[in-house]
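Work through the exercises below with the structure in view. Each task is followed by a solution in steps.

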Amino acid sequence: MIESVREWVLSVIILVAAAAFFEGFFPPGGMDRYLKYIFALILLSAVLSPVTLLLT
Amino acid sequence: MTDYESVFRSQLAEMNFSGMEEILKAADLPPEITQSFSVKEIILHMISGDTAVSQEKIFTIIKALFFGEMKEFASLAAELICICIIAGLLSSFTASFGSGTASGMSSMICSFTAAGICLTAFYQVYQLAVESVSLMTALMGVSLPVIFAVTAVSGGAASAAVLSSVISAAVTAFSSFVRCILMPAVFVSGIFTVADSIGRRSYIKKTAAFLRSAALFGMGGAITVFTGLSAIQGIMTKSADDLLMKTARYSIDNLIPFVGGFAADSLEMVVTCIRSIRGGIGIAGVILLILLLAGPLLKSVCVILIFRLTSLVLEPAGNGAMSDCMGDLASAACVLTALLFLSSIMFILFFACVLRFAPSL
């Protein structure tokens, strides 16, 4: 239980840090919005992963 | 020496309070407190009506502890402010560097360093809170068997039999719930707050706020459930104890010829003395709980103050995200401190629940 919570927290932190890091390298223009959106979707799936685990 | 005092002293001589005193030595407190602390002395002071600890001494110790912690964390705040000012400068000079990526990278490294420093301070508060609750649980584990034994001797056999299992189970369950679920939830909330502040946009700020509120809600629920449980169990056993005491007194008074009346009065005196000792153990336990709480509470208050002050200073420096992060981290530390404080109140309530039930003579 505690191990899975630790894994969840770690995955969320790594994703947030990665999103923050790569934001600086996104090419300016229309593409950066799509890239941010993709990052947000990945992060959303990571945040909601315990819910899916509980449901299954 | 009066009769009562000799009874007190002879009964106290038979009791072993070293477990309670050992717990205090394990706490992070100045040696002048831990060395001079004696449960037997507190009980004797209480019985004679003297003050156990002088107010001036308490005030001096609190002042030394508070300013010592403030000095320790002030250097941390200075480091944070310097890093955030550098980060603010770097982001302001983006255009001058010619390449936005280079200054962005430098600013990012500054943010990561600041986040690391914030998390280190927050982790210290978290560790202190968890250790403090563990010590309080250990103190309950050491002092409750003594109180239950004295309760059983003073005529509360049914209370001691039922309450010992209920209170011990309640203390363990409550402590595990606070240490393994609520405090880690607040710690995770703090980590999320710091991680969220690194980026330009917010991703998990509301998740962090939700975890904080859930921890506070859980604490409220736990306090209600465990207090109710302990109080109900105690009420159920009181009539059984009353019956036992009255039967014992009646038997001695009427069945022993000639000296039965004197013997019954002596029994009353001995039981009253034991009850006073029981009250004294309870008060010593509460004093110990307050001492175990004082150090971590002062440290947490210092960290909260430093976080809040840093947040105030960083806002004009142009680092809004870091300023917000410090404010949110201060809120998380506040929740952690509240959990610690409420846990100690809960342990005092457990003491009160145990001490409240005494059969009528």
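**Exercise 1. The contact between the chains**

How many residues of chain A are in contact with how many residues of chain B? State also the area buried between the two chains.

Solution. The model is a predicted one. Step one is the count: 16 residues of chain A touch 16 residues of chain B. Step two is the area: about 1,500 Å² is buried between chain A and chain B, and carbon and sulfur atoms give 81% of this. Step three looks at chain A's share, of which A:Val16, A:Ala20 and A:Glu23 supply 30%, more than any other three residues.

**Exercise 2. A helix pair across the chains**

Decide how helix α1 of chain A lies against helix α8 of chain B.

Solution. Begin with the geometry: α1(A), residues 2-23, and α8(B), residues 157-198, pack at an angle of about 15°, and their axes are 8 Å apart. Angles under 35 degrees count as roughly parallel, so α1(A) and α8(B) are roughly parallel to each other. The crossing of α1(A) past α8(B) is left-handed. Next, find the residues that meet: α1(A) brings, among others, A:Trp8, A:Val12 and A:Val16, while α8(B) brings residues including B:Val188, B:Phe192 and B:Asp196. Sorted by class, this contact of α1(A) with α8(B) has eleven nonpolar residues, no polar ones and one charged.

**Exercise 3. Neighbours within each chain**

Find how α1(A) is placed against α2(A), and α8(B) against α11(B).

Solution. Take chain A to begin with. The axes of α1(A) and α2(A), the latter covering residues 31-55, come within 9 Å and cross at roughly 170°. The contact of α1(A) with α2(A) holds 13 nonpolar, one polar and two charged residues.

Now take chain B. Here α8(B) and α11(B), residues 320-356, have axes that come within 9 Å and cross at roughly 175°. By the cut-off used above, α8(B) and α11(B) are therefore roughly antiparallel to each other. Their contact comprises 24 nonpolar, six polar and one charged residues.

**Exercise 4. Salt bridges**

How many salt bridges does the structure hold over all chains, and how many are counted between chain A and chain B?

Solution. Over all chains the structure holds two salt bridges. Between chain A and chain B the count is zero. One salt bridge joins A:Arg6 to A:Glu3, with the closest N and O atoms 3.9 Å apart. A:Arg6 and A:Glu3 are three residues apart in helix α1 of chain A, which means a separation of about one helical turn.

Definitions and conventions. Residues are numbered from 1 along each chain as its sequence is written. Chains are lettered from A and ligands numbered from 1 in the order in which they are written. This is a predicted model: local features need pLDDT of at least 70, side-chain atom pairs count only at pLDDT 80 or more; totals for chains, interfaces and linings use all residues. Side-chain values use heavy atoms; hydrogens and water are left out. Axes are lines fitted to C-alpha atoms, for helices over the stretch in contact, and angles run from 0 to 180 degrees between N-to-C directions. Helices (H or I, at least four residues) and strands (E, at least two) are DSSP runs, numbered from the N terminus. Angles under 35 degrees count as roughly parallel, over 145 as roughly antiparallel, 65 to 115 as roughly perpendicular and the rest as oblique. A crossing is left-handed if the near helix is turned anticlockwise from the far one by less than a right angle, and right-handed if clockwise. Contact means heavy atoms within 4.5 Å. Ala, Val, Leu, Ile, Met, Phe, Trp, Tyr, Cys and Pro count as nonpolar, Asp, Glu, Lys and Arg as charged, and the others, Gly among them, as polar. Buried area is the accessible area (1.4 Å probe) that two parts lose on being put together, summed over both. A salt bridge is a side-chain nitrogen of Lys or Arg within 4 Å of a carboxyl oxygen of Asp or Glu.
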